Amino acid sequence: MYASGKYSSRGPALIPRMKTKHRIYYITLFSVVLLGLIATGMFQFWPHSIESTADWTLDKRSVHDAPLIRLPVSSPIPERGDLSCRMHTCFDVYRCGYNPKNRIKVYIYPLQRFVDELGVPISSTGLSREYNDLLSAISDSDFYTDDVTRACLFVPSIDVLNQNSLRIRETAQALALLPRWDKGMNHLLFNMLPGGPPDYNTALDVPRDRALLAGGGFSTWTYRQGYDVSIPVYSPLSADVELPEKQPGPRRYFILSSQTAIHREYRAELERLKEENGEALLLLDKCSNLSQGAASARKRCYKGQVYDYPQILQESSFCVVLRGARLGQAALSDVLQAGCVPVILADSYILPFSEVLDWKRASVVIPEEKLSEMYTILKSIPHRQVEEMQRQARWFWEAYFSSMKAIGLTTLQIINDRIYPYAARTYEQWNNPPVVKWSSVNSPLFLPLIPPRAPGFTAVVLTYDRVESLFRVITEISKVPSLAKLLVVWNNQNKSPPEESLWPKIGVPLKVVRTKENKLSNRFFPYDEIETEAVLAIDDDIIMLTSDELQFGYEVWREFPDRLVGYPGRLHLWDHEMGKWKYESEWTNEVSMVLTGAAFYHKYFNYLYTYKMPGDIKNWVDAHMNCEDIAMNFLVANITGKAPIKVTPRKKFKCPECTAIDGLSLDQTHMVERSECINKFASVFGTMPLKVVEHRADPVLYKDDFPEKLKSFPNIGSL
């Protein structure tokens with residue numbers, strides 16, 4: 001009790017009370033500190049007037065305002081460039097990551113001025129108008145990010161479009177100083193004029209480590225296929241001269257040559273062709289009687305007569321594009337803009353964007369040694385094809401050549417398609433003008449290269465309850481070397497599949513999918529388990545096909561991935577007496593369908609069959625439990641405009657154990673209903689898309705009298 005007397009209501013008596021003046025001092029100090037913190041926070045998060053890094057217009061960002069970077073003489077120099085680089089060896093795809101839009105993110109380095117120790121710039125021109133336009137286009141696109149940590153691809157603000165303006169060593173040192181350079185990994189350089197006298201290398205001479213190069217003038221010796229991107233040489237006339245589109249058709253001249261710096265041997269050959277063919281060929285050169293300047297660059301002359309360039313290009317059906325000191329020529333862009341079909345004579349030249357563009361549709365490529373035969377070669381091209389090529393040439397220019405923006409974004413889209421191949425643009429999207437409708441049939445699965453052998457195919461077996469036969473089919477298919485996965489579609493809702501321990505043991509994954517309804521269309525559903533491009537649809541009673549037959553069928557499909565590739569062939573015929581179509585399965589010299597009881601096709605057609613089948617065909621098939629194979633033949637033929645491919649001599653699927661009860665094909669009404677299917681489908685499609693052919697594919701040496709061990713597919717089977 002005594003101790004408690006030491007405390008008052010204000011606290012312990014031993015603690016001295018703070019004097020009033022001291023209390024006021026500390027309160028004031030705390031208030032000042034607090035106000036300072038608040039002001040600092042507001043300054044940090046309040047919107048600033050500082051320019052965004054996304055702003056790449058010269059009007060707002062002057063090159064002279066960029067920070068100056070001096071390059072020490074001892075600065076590191078990148079390696080020359082790895083010719084073995086490919087996307088899987090020199091590009092870090094993991095930096096790109098997964099994103100819902102399947103789009104790479106591109107970061108542009110801040111603008112800087114690089115000079116050597118004496119203050120001399122690394123480039124005589126600085127940032128060109130063309131490169132500024134390119135960077136502005138990227139920064140305004142959906143590819144751009146200002147967050148360097150999210151970037152998949154890095155684009156330096158160092159202009160290397162024209163090698164003539166660069167100091168090679170110093171430019172390489174500037175690249176190596178970039179903060180994220182990392183030996184050029186995931187960096188993209190744009191160059192249109194590579195090399196210099198006297199050799200004029202076809203790729204940029206600046207050492208660049210592993211950086212990707214978008215180059216205008218690659219040869220087959222310097223182009224790293226699937227890594228570099230071949231781009232066009234931009235023509236300044238594209239921005240300065242507006243050429244209205246001219247309707248395709250015959251022109252005043254058949255062949256026109258307008259380049260001025262042609263090698264004397266080529267010019268002599270062109271003059272000889274001119275003498276032989278007269279007015280059909282117009283051979284122009286630079287005008288010697290005009291003063292040099294911008295005006296003379298837009299003029300061409302022939303024997304004193306002056307022509308406006310590039311307008312004169314629209315007066316010819318074909319325009320010659322010859323190699324100069326460099327393989328890539330700006331004349332190609334001018335010719336395309338004029339809607340003139342380019343005749344390209346530049347051996348080993350990698351055409352711009354040839355990774356995705358089908359140049360056969362817009363140009364004629366002739367070996368340089370056949371320049372003397374050029375007129376004869378071009379005369380052999382049908383007029384209708386020339387008109388289509390004129391139209392395609394103009395569209396190529398509008399879509400991919402017309403501006404630095406078009407060139408830059410096309411380059412990024414090609415790289416994007418490599419990184420996200422499952423979301424890549426199709427052949428049609430790259431090559432078909434938007435105005436092209438379904439007036440002409442085009443294949444949506446045109447592939448420029450044969451699909452690789454490695455992924456193999458997925459076998460999809462439709463079954464109901466023939467377990468013994470199913471197991472035999474699985475055992476036989478498992479012997480095929482290219483089988484990657486086996487998917488069993490269990491179509492019986494009243495009976496469960498056998499236990500896992502009872503299934504055959506095979507060397508590839510085996511997956512069983514149970515369906516909710518017994519439908520024939522279930523065999524063509526786009527199951528997530530199908531990961532390969534190739535699909536083998538096969539019935540549970542097809543036990544007679546040998547592994548050689550199946551492997552050979554897959555090899556044929558790899559060369560024709562947009563076709564149905566099958567074994568027994570069938571034919572549709574027009575019955576003049578009945579006035580309708582008829583289904584024919586007898587021996588004939590023609591084929592227009594293959595049975596999908598065993599057939600290879602691209603998994604893309606599963607999506608079309610399930611979600612894009614015209615009219616009520618899919619429901620009709622499920623209701624009648626017949627003709628799903630005819631429906632698939634109709635669908636593929638309508639989309640591609642091509643006939644199926646029959647492989648090997650087999651005419652029928654013989655099933656020794658099948659009876660008339662469980663063999664659907666033996667039903668007495670089967671043939672009649674199949675004919676009804678053809679007429680029904682033709683009515684829904686509004687046309688007869690099936691195409692008739694008179695050939696089949698057999699292995700080489702198949703019938704030759706050679707030892708079996710010399711044949712790749714000795715066991716092809718019988719009829």
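What follows concerns a predicted model.

Q: Which residues of α6 are buried, and what covers them?

A: The general idea comes before the case. An α-helix has 3.6 residues a turn, so residues three or four places apart point the same way. In α6, Tyr266, Arg267, Leu270, Leu273 and Lys274 are the buried residues. Seen down the axis of α6, they fall within an arc of 115 degrees, so they line one face of the helix. The cover over these residues includes β10 (253-257), β11 (281-283), β12 (299-302), β14 (316-322) and α9 (374-379).

Q: Which exposed residues are on the face of α6 turned away from its buried side?

A: That face carries Arg264, Glu265, Glu275 and Glu276. Just after α6, Gly278 has a positive phi of about 60 degrees.

Q: What do the buried residues of α16 pack against?

A: Helix α16 covers residues 617-624, with Ile617, Trp620, Val621 and Asp622 buried. These pack against α15 (604-611), α17 (628-640) and α18 (670-685). Just after α16, Met625 takes a positive phi of about 50 degrees.

Q: Which residues touch the most other members of the largest nonpolar core?

A: This core has 73 residues, and those touching the most other members are Phe91, Ile104, Leu153, Leu188, Phe190, Phe353 and Ile419. At least three residues come from each of domain 1 (59-234 + 404-418) and domain 2 (236-402). Leaving aside neighbours within four places in sequence, Ile419 contacts Met87, Phe91, Cys96, Ile104 and Cys152. A second, separate core has 40 residues, among them Leu564, Met613, Met632 and Phe681.

Note on methods:
Residues numbered from 1 in each chain as written. Predicted model: local features only at pLDDT ≥ 70, side-chain atom pairs only at ≥ 80, totals over all residues. Heavy atoms only, no water. Buried < 20%, exposed > 50% of the residue type's maximum accessible area, 1.4 Å probe, protein only. Helix = DSSP H or I, 4+ residues; strand = E, 2+ residues; numbered from the N terminus. Arc of directions from axis to C-beta. Contact = heavy atoms within 4.5 Å. Core = buried A, V, L, I, M, F, W, Y, C linked by side-chain atoms within 4.5 Å. Domains from an automatic or database assignment.
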